Amino acid sequence: MRKLPYLTAYPEHLLAQVGQLIDAGQLGDVLLQRYPAAHGIRTDKALYGYVQELKDDYLRQADPVSKVAFDSKIHVVQHALGLHTAVSRVQGSRLKAKREIRIASVFRDTPLPFLRMIAVHELAHLKEKEHDKAFYKLCCWMEPAYHQLEFDLRLYLTWLDLGGRRLWSEEAA
C-alpha cells in the first residue's frame with residue numbers, strides 16, 4: 001500500500017477506499033463532483049473581509065485580527081495550511097501585539113468550503129492555542145462540517161502530492 005502522508009490518522013477502512021479511488025484514477029473526479037467550483041476570493045483585501053466577517057459572526061470578543069493574507073511562502077509539504085501569529089511591537093513603554101493570519105496561496109484556487117475550513121481553524125486559535133478538544137469543539141461550532149471538510153481537503157492535498165493537477169485553478173477551467 002502506498003504512503004499517504006496527509007491521511008495517516010484515519011482508519012484503515014477509509015484508507016482502503018481512498019486507495020481504490022486512487023487506483024481507479026477517480027480521486028480528482030470525486031472531488032470535482034463534490035465541489036464543482038472555486039471561490040472568488042483572490043486578493044488579500046477580499047480574504048481579510050471574508051475572515052473578518054467570520055470573526056464578527058462567531059468571535060466578537062476575541063482579539064482583533066490586523067492582517068489576513070495569502071502567503072506563497074507557506075509550504076503545504078511542511079503540513080502548514082495556514083498560520084496564526086502574534087507580532088509584538090514596542091509602542092512607547094508598552095508592548096503591543098497584533099494578530100495575523102496567513103493562508104497558503106495554494107488555497108486561492110479551492111472551493112469556498114475549503115477556504116472556510118482553513119479560516120475557521122486559524123480563527124479558533126484566537127481563543128484556543130492548542131489543538132485540543134476545546135479547539136475542535138470551537139471549530140465545529142463555527143463550521144458544523146469541519147471534520148468532513150478537513151478530510152476532503154486532505155484528499156485534495158493527497159491528489160496534489162500524487163502528481164494530480166490543481167483542480168480549480170484558472171488553467172484547469
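**Salt bridges, ring pairs and a positive patch**

In a salt bridge, the side chains of arginine 34 and aspartate 152 meet at 2.7 Å, N to O. This joins distant parts of the chain, since arginine 34 sits in helix H2 (residues 27–34) and aspartate 152 in helix H6, 118 residues apart. The model is a predicted one, in which local features need pLDDT of at least 70, side-chain atom pairs count only at pLDDT 80 or more, and totals for chains, interfaces and linings use all residues. Residues are numbered from 1 along each chain as its sequence is written, and side-chain values use heavy atoms, with hydrogens and water left out.

A salt bridge here is a side-chain nitrogen of Lys or Arg within 4 Å of a carboxyl oxygen of Asp or Glu. By this rule the count is 7 salt bridges. Helices (H or I, at least four residues) and strands (E, at least two) are DSSP runs, numbered from the N terminus. For burial, a residue is buried under 20% relative accessible area, exposed over 50% and partly exposed in between (1.4 Å probe, protein chains only). Arginine 34 has a relative accessibility of 44%, so this residue counts as partly exposed. Aspartate 152 has a relative accessible area of 0% and is therefore buried.

A second salt bridge joins arginine 116 to glutamate 143, with the closest N and O atoms 2.5 Å apart. It also links distant parts of the chain: arginine 116 is in helix H4, and glutamate 143 is in the loop between helix H5 (133–142) and H6, 27 residues apart. Are these two residues, arginine 116 and glutamate 143, buried or exposed? Both are buried.

Arginine 154 pairs with glutamate 150, the closest N and O atoms being 3.4 Å apart. The two are separated by about one helical turn because they lie 4 residues apart in helix H6. Arginine 154 is partly exposed at 27% relative accessibility, while glutamate 150 is buried at 15%. Elsewhere, Asp71, Glu100 and Arg102 are linked in a network of salt bridges.

Next come the aromatic rings. Rings of Phe, Tyr and Trp (its six-membered ring) pair if their centres lie within 6.5 Å; planes under 30 degrees apart count as stacked, over 60 as edge-to-face and the rest as tilted. The whole structure contains 8 aromatic pairs. One of them is the edge-to-face pair of tyrosine 10 and phenylalanine 151, at 4.9 Å centre to centre and 65 degrees between the planes. Tyrosine 10 lies in the segment before helix H1 (12–23) and phenylalanine 151 in helix H6 (residues 146–161), 141 residues apart, so this pair too links distant parts of the chain. Tyrosine 10 is partly exposed at 21% relative accessible area, whereas phenylalanine 151 is buried at 11%.

Phenylalanine 114 and tryptophan 168 form a pair with ring centres 5.8 Å apart and planes at 90 degrees, so this pair is edge-to-face. Phenylalanine 114 belongs to helix H4 (residues 112–124) and tryptophan 168 to the segment after H6, 54 residues apart. Both phenylalanine 114 and tryptophan 168 are buried.

Strand S3 (residues 94–104) gives the most to the positive patch, with 3 residues. Lysine 67 is in strand S1 (residues 65–71) and is partly exposed at 35% relative accessibility.
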